[in-house]
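Try each task on your own before you read its solution.

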Amino acid sequence: MTDSNHEQQQTILVVDDTPDNLTMITSLLKDLYRVKIAVSGKKALQIAFSNEPPDLILLDIMMPEMDGYEVCSQLKNDSETRDIPVIFLTAKTDVEDEVKGFDLGAADYITKPVSPPILLARVRTHLRLKRMTDYLKSKMDQTGAW
Amino acid sequence: MADANPYIEKPTVLVVDDTPDNLSLMSGLLKDKYKVKIANNGARALKVVMTGAPPDIILLDIMMPVMDGYETCRHLKENPETRDIPVIFLTAKAEVEDEMKGFELGAVDYITKPISPPIVLARVHTHLQLKRVRDYLKDQNEFLENEVRQRTQEVVAVQEVTILAMASLAETRDNDTGNHIRRTQFYVRALAEKLRNHERFCHLLDDDKTIELLFKSAPLHDIGKVGIPDAILLKPGRFTPEEFEIMKSHTTLGRDAIRAAEQRLGLELPFLAYAKEIAYTHQEKWDGTGYPEGLSGDDIPISGRLMAVADVYDALICRRIYKEGMPHEKAVGIILESKGSHFDPDIVDAFMEIAETFQEIAKRFEDTDHDLEKHAKQ
């Protein structure tokens, strides 16, 4: 498995209601991944449930109308989107909030302001994990066990 | 993959920190789910890693006296045995440059102090899972590669066993001992090697695989003798013309037996193509006076021409229970006399050049008294 080739084709959905954040994160990721953006929770769900779902979602928590928690819980309650890793983007660093996010099924947190090396490392980790588990699942479906 | 209890044993987490309070805090947090080892400096950490079962993941403080986290990480990543253990840095620092440095050294993530329990648990879980899946896939790759190697060896072994089983059938009914088959096989290979760059033969022989196939197929040259009645096959004296006609049919019988085997198998095997050719044409003569077809010159397949020289030389030199073998020099003389009549002249020239090799092969697989007696009793 060569990472660079595979990661090139993987898609990341970035969800944030602040255009500056979207621009900044997109610029960090666009050389390595396909990046889709959504400025609201509702838009994010539309993209996640489309024919081309993303491989990973970076999800702001504090958004008007539908916040990140709500988006996450809808994604995790549907079998089609359950396996897409969600990483929360947040300025908050409260332990209770973190517990809540993990309970909802989040994979990790990235605190704002975003540190580029941290963002890239966590995205890479969870894409890799997803790609490998997807591969194993497809093998499992083929053979009935692994 | 169930998250609940994916391991038979709990995975081991090594926590490295020079502050006792941090160590006890981390231990308390992790000990329900993991086996926790601790070290209060980098040097101790390396020692723990190298002795006993290595940890599955390392949580490594950066600021430590004597050997700091960066230095410890560098050592871990330099050693092939410890390179694949994921390292997460624990740090109060949050400078981007420091983070870059850590990732460049091979760390997989950072956890900032003061630590948040859910974050620690989530990151440890993520990287253990990633490592486990990677290890599994690596094992599987190795397994598959191994499997392919194994199967290939089996196929080759089956080919060889098939040929030897068929050849030994012919042997048991003939005057020849198993050594005749071994010797002729090596003669054919020696001749083919000698001629591989010859302008008349290189188009066929300049290829290791072909020579290997000839070597493997040569033992089947007399397989057709299985179909010759004992009264003729084992007759010590000269054949009557009628008997000789029947004897000659061993060439056709041999080819047909291999062909029938292929048809039953439903596929043509490349290694049997030469076997058919050799069985059918090794009694042809260069001047067209041989059998079964009376082919001459280049119409006789090269494999059959090579086999003819090998077969006749061996018939001349080999001992029988009732006769001594002819001396090597005399046999060489007879082959040379038959150049251009019985044998392809260029093959005889090659034979003359490597006659010593023939003699060595004959010695190497010489029939002992024991071989001859044993064979006579069969």
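Predicted model: local features only at pLDDT ≥ 70, side-chain atom pairs only at ≥ 80, totals over all residues.

**Exercise 1: a histidine in a loop**

Find His221(B) and work out whether it is buried or exposed. Then list its polar partners.

*Solution.* 

Step 1. Locate the residue: His221(B) sits in the loop that links helix H8 (208-217) to helix H9 (230-233) in chain B.

Step 2. Apply the cut-off. Buried means under 20% relative accessible area. His221(B) has a value of 1%, so it is buried.

Step 3. Turn to the polar contacts. The side chain of His221(B) meets the side chain of His180(B) at 3.2 Å, and it also reaches the backbone oxygen of Ala218(B) at 2.8 Å.

Step 4. Beyond four places along the chain, His221(B) is in contact with residues including Thr184(B), His250(B), Met307(B) and Asp311(B). Ala279(B) is 58 residues away along the chain, yet the two C-alpha atoms are separated by 4.2 Å.

**Exercise 2: an arginine and a threonine**

Which side chain does that of Arg183(B) join in a polar contact, and which backbone oxygen lies 2.7 Å from a polar side-chain atom of Thr133(A)?

*Solution.* 

Step 1. Arg183(B) belongs to helix H6 of chain B. With a relative accessible area of 2%, Arg183(B) is buried.

Step 2. The polar partner is Asp314(B), with 2.6 Å between the two side chains. Arg183(B) also touches Cys318(B), Ile361(B), Ala362(B), Phe365(B), Glu366(B) and Asp367(B), once residues up to four places away in sequence are set aside.

Step 3. Now move to chain A. Thr133(A) is in helix H6 (residues 116-143) of that chain and is buried, at 12% relative accessible area. The oxygen in question belongs to Leu129(A).

**Exercise 3: reading the sheet**

What is the strand order of the five-stranded open sheet in chain B, and which strands stand at its edges?

*Solution.* 

Step 1. The order is E2-E1-E3-E4-E5, with parallel pairing.

Step 2. Strand E2 (35-39) and strand E5 (109-112) of chain B each have a single partner strand, so one side of each lacks a neighbour in the sheet and these two are the edges. On average, neighbouring strands are turned by 20° against each other, direction ignored.

Step 3. Follow strand E1 (residues 12-16) of chain B, where five of five residues are buried. Thr12(B), Leu14(B) and Val16(B) lie on one side, with Val13(B) and Val15(B) on the other.

Step 4. Count the bridges. Five join E1(B) to E2(B), with Thr12(B) opposite Lys35(B). Four join E1(B) to E3(B), where Leu14(B) stands opposite Ile58(B).

Step 5. Strand E4 (residues 87-91) of chain B pairs with E5(B) in the parallel sense over four bridges, and Thr91(B) stands opposite Thr112(B). Helix H4 (residues 96-104) of chain B packs on the sheet and touches E4 and E5 of chain B, its direction making about 135° with that of E5(B). Helix H3 (residues 69-78) of chain B lies across strands E3, E4 and E5 of chain B, at about 175° to E4(B).

Key. Residues numbered from 1 in each chain as written. Chains lettered and ligands numbered in written order. Heavy atoms only, no water. Buried < 20%, exposed > 50% of the residue type's maximum accessible area, 1.4 Å probe, protein only. Polar contact = N/O pair within 3.5 Å; in protein donor to acceptor, adjacent residues only side chain to side chain. Contact = heavy atoms within 4.5 Å. Pairing = 2+ DSSP bridges. Axes fitted to C-alpha atoms, helices over the stretch in contact; angles between N-to-C directions.
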